[in-house]
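Student: I have a new model open and would like to learn how to read its features one by one. Could you walk me through it?

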Amino acid sequence: MFSSAWNFVKRHKKKFIFTGAVVGAVYLVGKYAQKKFREIQEREATEYIAQARRQFHFESNQRTCNMTVLSMLPALKEAIVTQLNSESLTTLLKTKPANKLEIWEDLKIISFTRTIVAVYSTCMLVVLLRVQLNIIGGYLYLDNSVGKSTTTVLAPPDVQQQYLSSIQHLLGDGLTELITVVKKAVQNSLGSVSLKETWSLLELEQQLNWIRAEVEASSKRSLSWYLLADDENALVDQACGLTENDVLTIKLLNETRDMLDSPDFNVVLKACLNRGFSRLCDNLAEFFRPPPGDSAPSSAPDSLSAVSLPLAKIIPIINGQINTICSETPSHFVQDLLMNDQVKEFAANVYESFSTPQELQK
């Protein structure tokens, strides 16, 4: 029996060798495939964890942006009211002065100017902080990344503080220049309008649009100038010296300037301004409602023209809007800006750009 089996093996020797080779090869290929599959799984898991971590950090950063905007609004309001103090005029009017008409004319210009400036500057504050905090956020993500290839810190705490202090331009020189431009446009549009002239909500909205068109068309500078000084010496002054941290600060400021000069930024700022002025008109609409019992339905197409008020009554309404626009308590006005889809998308793009390692951007 053993002899027969041995003869069978000898007769089919080549087949056995070939079959063994095939089985061995299949085994090795299988082991190799298993190894590669595990490597792919591990790489995908690592990438998923990194992406989830990055997404969590981004969302946390956006909440920080929102809270920072709200915390900055009182300072912005104070800066506007300091330069456009209508309260002193209203107090003076209560004393029944001889130049009452002259004071009313001043109040007309100041009231419209400060409300329009409040809309512009609040929109600018929202978008500027989105840019700055997402640049910082991107660099912080890289600084804290696992397996970072370099020990260089991109955004040390001192640099962050110096960099973010550049917001003072918007609250200082930028705001002063904006007030000058808006005030001139208001004077051109409303200077000769009688206090007795009556306007419907639609006519008031048209006046605001005319003023806005003049501000944005006649300005010698782009709107981004009001947000960040573009003079090179000013950037150096803001960085406060020539240390390594100061060089990093100037780098951040220049990167921010590039962002503010981009077409995408202008589109997003324009979208915010459109929403801001639309929300302002929604707020004003509350004062133009037909009296109770009026037969004209408020939802009718011509309802915006149904009620007209003399300019003298519109002025106090306009004057008080700054309390809603620059409110640190979340209002519909501020929430509309913070939750704007274009602002969110732009913020995500900024964060993506600055949280991606440079070697991957090449």
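Predicted model: local features only at pLDDT ≥ 70, side-chain atom pairs only at ≥ 80, totals over all residues.

Student: Let me step back to the whole protein. How many helices and strands does it have?

Tutor: There are 16 helices and two strands. Of the 362 residues, 43% count as buried. Among contacts with a separation of 6 or more, 84% are between residues 24 or more positions apart. The protein exposes about 20,200 Å², and carbon and sulfur atoms supply 57% of that area.

Student: How do I read the core? Which residues touch the most other members of the largest nonpolar core?

Tutor: A nonpolar core is a set of buried residues joined through side-chain atoms within 4.5 Å. The largest one in this model has 96 residues, and those touching the most other members are Ile80, Phe112, Tyr120, Met124, Leu125 and Ile314. Helix 4 (residues 100-143) gives the largest share of this core, 24 residues. Take Ile314 as an example: leaving out residues up to four places away in sequence, Ile314 touches Phe112, Trp199, Leu204, Phe288 and Leu309.

Student: Helix 4 also holds Lys108. Is Lys108 buried or exposed?

Tutor: Lys108 is buried, since its relative accessible area is 0%. Apart from neighbours within four places in sequence, its contacts are Leu190, Gly191, Val193, Leu195, Leu311 and Ile315.

Student: What do the polar atoms of the Lys108 side chain meet?

Tutor: In general, side chains of opposite charge can pair when their charged atoms come close. Here, Lys108 and Glu105 form a salt bridge, 2.7 Å from N to O. Both residues lie in helix 4, three residues apart, which is about one turn of the helix. Glu105, at 25% relative accessibility, counts as partly exposed. A polar atom of the Lys108 side chain also lies 2.8 Å from the backbone oxygen of Leu190.

Student: How many salt bridges does the structure hold?

Tutor: The structure holds eight. One of them joins the side chains of Arg257 and Asp261, at 3.6 Å from N to O. Arg257 counts as buried, at 11% relative accessibility, whereas Asp261 is partly exposed at 44%.

Student: Which parts of the chain does the pair of Arg275 and Asp336 link?

Tutor: Arg275 forms a salt bridge with Asp336, and their closest N and O atoms are 3.0 Å apart. This pair links distant parts of the chain, as Arg275 is in helix 11 (residues 263-285) and Asp336 in helix 14 (residues 332-338), 61 residues apart. Arg275 is partly exposed, at 27% relative accessibility. Arg275, Arg279 and Asp336 are linked in a network of salt bridges.

Methods. Residues numbered from 1 in each chain as written. Heavy atoms only, no water. Buried < 20%, exposed > 50% of the residue type's maximum accessible area, 1.4 Å probe, protein only. Helix = DSSP H or I, 4+ residues; strand = E, 2+ residues; numbered from the N terminus. Contact = heavy atoms within 4.5 Å. Polar contact = N/O pair within 3.5 Å; in protein donor to acceptor, adjacent residues only side chain to side chain. Areas by Shrake-Rupley, 256 points an atom, 1.4 Å probe, with all protein chains shown as cover. Salt bridge = Lys/Arg side-chain N within 4 Å of Asp/Glu carboxyl O.
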